[in-house]
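Visitor: I have a model open and would like to go through it with you. Could we take it one region at a time?

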Amino acid sequence: MSRAHNFSAGPAVLPVSVISQLAAALPNFQNTGLGLMEISHRSVAFDRVHRSAEERLRRVMGIPDDYKVLFLQGGASLQFLMTAMNLIGPGESADFVLTGTWSQKALKEAQRVAAGRAVWDGESTRFDRLPTHIEVDPKAAYLAYTTNNTIYGTQFQTHPETGNVPLVADMSSDICSRVVDVAAHGLIYAGAQKNLGPSGVTAIILSPWAMAKSPGGLSSMLDYKLQVDKRGLFNTPNTFGIYALERVLAWIEDMGGMGPMTERNEAKAAALYAEIDRTDFWTGHAVEENRSKMNITFRTPTAELDAKFLAEAEAAHLMGLKGHRSVGGLRASIYNACEPESARALVDFMRTFETSYG
Ligand SMILES: Cc1ncc(COP(=O)(O)O)c(C=O)c1O
């Protein structure tokens, strides 16, 4: 089977070796005679998978021992609400850095159940940059930020400095793509469908602060304390998704972990940005110093040429390059599993396109 070059923003490309392992596990999981999706989430076989997924995530990210890890459903979007319900105490308010659609949604969901305010808003420049300074309320329950903006193509290179105010991070589109200081965060969440596996699983990493802050007694499914007590097995988890995530993490470890993965991702991004900067034909959306290494947003001189680019790219098996509807233009998502060969194929295609139409 020949596979296209996949630049989808998510769900996104998975390592071929993982897909083969998933395919083999569907009819007969580890010689049990039962398919992966047909065994109990409380079986010994699945328990092994579940524990291994957690151990691997801990190793890959360097998660401190006193932090908890959950794999829940509901996507990052449910975490917009759960973080606020669990972590903003009575009379408190949380601060939000608005770097695009996802942080806007996070603030909106938080405001349904608690107080939240924007401390910085990048909308006036179409979210093409990140703040150089954030004025955090020292009394804020936490500061929420999106490490990588999937739609506009910006990415924090380091976490914001907040003094004693805990940090809550949405890492949906760059988790496990580079080294991160987990211990600097009060809580991290990420939908798996970009860097960790299929949709339907969300990784949540909770510090002792988050565990102490969660009041308990909330609606069961929305209660971090209860979910941690039940090890994420209060109800039936996404067993297939957790196995896929475990296999993706095994692949990351086989690749050498975060050091080599960071280098691999930086090299792919550098090649694409070099091509964008090589001539005036291309315009990048994000300002240079805030460019994402995961989602490269750019455009040709006209909307008509963007459309032609997409049609010709698809004919050449370069898929998923349409920019998000709120930005337009083009977007190449080059998550962990995007092979360097795919980035090279895109650079070559851009070169040819520019020669033909520039
Ligand atoms: C940064 C970020 N946060 C949140 C979301 C929403 O994730 P979900 O669809 O898992 O709720 C996305 C989806 O693309 C995202 O990129």
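**Contacts and surroundings**

Guide: Apart from its neighbours within four places in sequence, Thr239 is in contact with Leu36, His41 and Phe46. Please keep in mind that this is a predicted model.

Visitor: Which element holds Thr239?

Guide: Thr239 has its place in helix 7, which covers residues 239-254.

Visitor: And is Thr239 buried or exposed?

Guide: Thr239 has a relative accessible area of 12%. Because buried means under 20%, Thr239 counts as buried.

Visitor: What about Met37, where is that?

Guide: Met37 is found in the loop that lies between helix 1 (16-25) and helix 2 (44-61).

Visitor: Is Met37 buried or exposed there?

Guide: The relative accessible area of Met37 is 54%. The cut-off for exposed is over 50%, so Met37 is exposed.

Visitor: Which residues is Met37 in contact with, leaving aside neighbours within four places in sequence?

Guide: Met37 is in contact with Leu26 and Phe240.

Visitor: How far apart are Met37 and Ala141 in space?

Guide: From C-alpha to C-alpha, Met37 and Ala141 are 40 Å apart, and in sequence they are separated by 104 residues.

Visitor: Let us turn to the ligand. How many residues surround it?

Guide: The ligand is surrounded by 13 residues, of which the closest are Ser77, Thr150, Asp170, Gln193 and Lys194. By class, the shell divides into 8 polar, 3 nonpolar and 2 charged residues.

Visitor: Which element gives the most to that shell?

Guide: Helix 3, residues 75-87, gives the most, with 4 residues.

Visitor: What are the distances for the polar side-chain atoms of Thr150, Asp170 and Lys194?

Guide: For Thr150, a polar side-chain atom lies 2.4 Å from an oxygen atom of the ligand. In the side chain of Asp170, an N or O atom is 2.6 Å from a nitrogen atom of the ligand. For Lys194, an N or O atom of the side chain is 2.7 Å from an oxygen atom of the ligand.

Visitor: How much of the ligand's accessible area does the protein cover?

Guide: On its own the ligand has 400 Å² of accessible area, and the protein covers 85% of that.

Visitor: Now strand 9. How many of its residues are buried?

Guide: Strand 9 (residues 187-191) is mostly covered, with 5 of its 5 residues buried.

Visitor: Which way do they point?

Guide: Leu187, Tyr189 and Gly191 point one way, Ile188 and Ala190 point the other way, and all are buried. In a regular strand, side chains alternate between the two faces of the sheet.

Visitor: Which strands does strand 9 pair with?

Guide: Strand 8 (residues 167-170) runs parallel to strand 9 and is joined to it by 3 bridges. Here Ala169 stands opposite Ile188. Strand 10 (residues 202-206) pairs with strand 9 in the antiparallel sense, over 5 bridges. In that pair, Thr202 stands opposite Gly191.

Visitor: One last topic: what is the order of the open sheet of 3 strands?

Guide: The order is 11-12-14, and the pairing is antiparallel. Strand 11 (283-284) and strand 14 (330-333) each have a single partner strand, so one side of each is left without a neighbour in the sheet.

Visitor: How many bridges join strand 12 to strand 14?

Guide: Strand 12, residues 295-299, is joined to strand 14 by 4 bridges. Within this pair, Thr297 has Arg331 as its bridge partner in strand 14.

Notes: Residues numbered from 1 in each chain as written. Predicted model: local features only at pLDDT ≥ 70, side-chain atom pairs only at ≥ 80, totals over all residues. Heavy atoms only, no water. Near = heavy atom within 4 Å. Polar contact = N/O pair within 3.5 Å; in protein donor to acceptor, adjacent residues only side chain to side chain. Areas by Shrake-Rupley, 256 points an atom, 1.4 Å probe, with all protein chains shown as cover. Helix = DSSP H or I, 4+ residues; strand = E, 2+ residues; numbered from the N terminus. Nonpolar A, V, L, I, M, F, W, Y, C, P; charged D, E, K, R; others polar. Buried < 20%, exposed > 50% of the residue type's maximum accessible area, 1.4 Å probe, protein only. Contact = heavy atoms within 4.5 Å. Pairing = 2+ DSSP bridges.
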